[in-house]
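Here is a structure to explore. Take a look at the sequence and the model, then follow the tour below.

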Amino acid sequence: MRTLIRNGRIVTAVDDYVADLLIDGEVISMIGARIDVEADRVIDATGKLVLPGGVDPHTHMEMPFGGTETIDTFSSGTAAAAKGGTTTIVDFPVQTRGHSLLETLETWQRKLDTNKPVIDVGFHMIVSDLSDGRLQDVPALVKEGVTSFKLFMAYKGALMVDDETIFEALTVAGEQGMLTMMHAENGGVIDVLVRRALSEGKTGPRYHALTRPELAEAEAVHSALAIAELAGAPIYIVHLSAERSLQHVGEARQRGQYAYAETCPQYLFLDESVYDSPGFEAAKFVFTPPARAKRSQDALWRGLAFNDLSVISTDHCPFCFKGQKELGADDFSKIPNGGPGVELRLPLVYDGGVRTGRITLNRMVELLSTAPAKLFGLFPRKGTIAVGSDADIVVFDPNRSTVLSVENQVSLVDYCAFEGREVHGVPETVLSRGRVVYEDGKVTGKPGDGQFIRRTEHMGTLSPQATPTTAIRVR
Ligand code: URP
Ligand code: ZN
Ligand code: ZN
């Protein structure tokens with residue numbers, strides 16, 4: 001099957017030009033000023049942007065969490081992603097106590113085989129138990145293309161791990177070319193604040209935000225960076241939300257540490273005023289970390305523009321308001337933490353970032369596609385438009401607008417955190433490995449069109465000696 005995309009404005013992290021693009025099977029085979037070949041399908045992209053498909057390195061489909069499970073399956077969640085111009089997600093198998101890392105991977109592979117994805121899917125590994133020599137599985141995990149860990153410094157009694165585990169995991173990850181993602185919040189402090197609030201009868205959803213202050217995040221970010229430096233390993237802070245956290249990342253990078261961070265649309269476009277919503281409505285915004293003060297939003301945009309923040313992911317973690325968020329109707333600490341958004345990232349960031357002049361178009365592509373592809377071992381197969389790369393492409397109409405609403409959402413979740421917001425610029429046609437998976441407002445991709453993607457090591461070609469480090473190794 002040959003598809004010709006004609007006369008589009010091709011924008012990558014570094015390029016911006018009008019050209020034709022030919023897809024042969026699953027890959028891009030030719031880019032040129034004028035391509036005159038027979039094709040099975042011609043897409044006229046005149047006046048449209050032609051962007052590399054989005055890479056969202058932080059989603060949670062079918063994740064057991066907070067006494068329930070995220071509502072999107074790998075089929076429904078990846079269909080939603082396709083609508084939003086994302087053609088690859090990297091999701092998280094969750095290791096629970098008593099299970100090995102490889103067993104955990106097998107469990108998630110079965111989920112993927114049952115509810116097959118519409119677009120491509122890679123896996124990180126959430127590590128929660130390093131007893132019984134569990135790290136011995138790591139080389140096999142890397143061979144399977146799982147080349148990153150996620151560790152939690154919060155969620156006491158569930159996923160939170162101690163400093164010993166963090167140091168051990170980071171050390172092995174560094175040695176094996178893996179990147180460690182850190183959920184950085186001080187879980188001990190938060191646990192006490194939550195108990196205090198509940199004992200004072202403060203049970204409503206707004207107390208979720210009040211018991212997870214910015215400083216509890218910033219302290220953990222600082223600690224995580226220091227432990228990574230001690231381990232001589234690269235580190236990636238997930239869902240960074242606060243100005244002071246960002247300062248710590250910026251300082252680490254200035255020192256030459258391989259330290260990276262992502263933020264998410266909820267921290268760029270929502271602020272703490274969402275917790276003033278009446279009644280239990282604010283439960284829709286119970287995600288972690290919580291939405292912050294407007295001051296932090298400005299700092300995050302600066303971080304994105306000047307590269308202290310490397311990626312915008314979604315942390316799509318959808319729980320329905322009815323029946324799921326309601327588990328915490330009498331106690332905010334029982335509201336499952338997480339919010340939806342996998343289908344909204346590109347429209348929100350284009351409208352609120354590029355159109356407002358906060359970031360350039362090239363930078364947007366870098367943040368949503370190229371940088372996550374590079375950091376997580378997918379580049380140059382994913383993350384750019386080049387001959388030989390997978391034909392993961394978004395034909396984007398910058399002149400059409402839409403209103404974000406649960407009414408036109410693909411995700412199975414029963415609310416939209418950005419309900420009623422009008423955005424200018426929408427994906428028109430989305431191709432995943434050459435196949436049209438979204439077109440004219442409809443998901444056309446089928447479960448099974450996507451596949452599991454084995455990723456290479458983080459910065460695979462960089463020698464470990466190149467890592468400036470104060471690593472403590474006693475041998
Ligand atoms: O609220 C959130 N972010 N839930 C998902 C789990 C996590 O911490 O990433
Ligand atoms: Zn997290
Ligand atoms: Zn998450």
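**Around the ligand**

Ligand 1 is surrounded by 13 residues, and the closest are Lys150, Tyr155, His183, Thr288 and Asp315. A residue is near a molecule if one of its heavy atoms lies within 4 Å of it. This is a predicted model: local features need pLDDT of at least 70, side-chain atom pairs count only at pLDDT 80 or more, and totals for chains, interfaces and linings use all residues. Residues are numbered from 1 along each chain as its sequence is written, chains are lettered from A and ligands numbered from 1 in the order in which they are written, and side-chain values use heavy atoms, with hydrogens and water left out.

Now look at the polar contacts (pairs of N or O atoms within 3.5 Å). Asp315 has a side-chain N or O atom 2.6 Å from a nitrogen atom of ligand 1. His183 places a polar side-chain atom 3.0 Å from an oxygen atom of the ligand. For His60, the distance from a polar side-chain atom to a ligand oxygen is 3.3 Å. Taken alone, ligand 1 exposes 260 Å², and the protein buries 100% of that. Such areas come from the Shrake-Rupley method with a 1.4 Å probe.

Next, the backbone. Most peptide bonds are trans, and most residues other than glycine have a negative phi. Thr288 and Pro289 are joined by a cis peptide bond, with omega about -5°. Pro289 sits in the loop between helix H9 (265-269) and helix H10 (294-306). Helices (H or I, at least four residues) and strands (E, at least two) are DSSP runs, numbered from the N terminus. Another cis peptide bond links Phe379 and Pro380, with omega about 5°. Pro380 lies in the loop between helix H12 (361-375) and strand E17 (393-403).

Is His239 buried or exposed? His239 is buried, with a relative accessible area of 2%. Buried means under 20%, exposed over 50%, and partly exposed in between (1.4 Å probe, protein chains only). The phi of His239 is positive, near 30°. Asn7, in strand E1 (residues 2-11), also has a positive phi, near 65°. Asn7 is partly exposed, at 34%.

Finally, find the open sheet. Three strands form it in the order E6-E9-E10, and the pairing is parallel. Strand E6 (54-59) and strand E10 (120-123) stand at the edges, each with a single partner strand, so one side of each has no neighbour in the sheet. Two strands pair if DSSP finds at least two bridges between them. E6 and E9 (residues 86-91) pair over four bridges. Asp56 has Ile89 in E9 as its bridge partner.

Technical notes:
A polar contact is a pair of N or O atoms within 3.5 Å; within protein, one must be able to donate a hydrogen and the other to accept it, and residues adjacent in sequence count only if both atoms are side-chain atoms.
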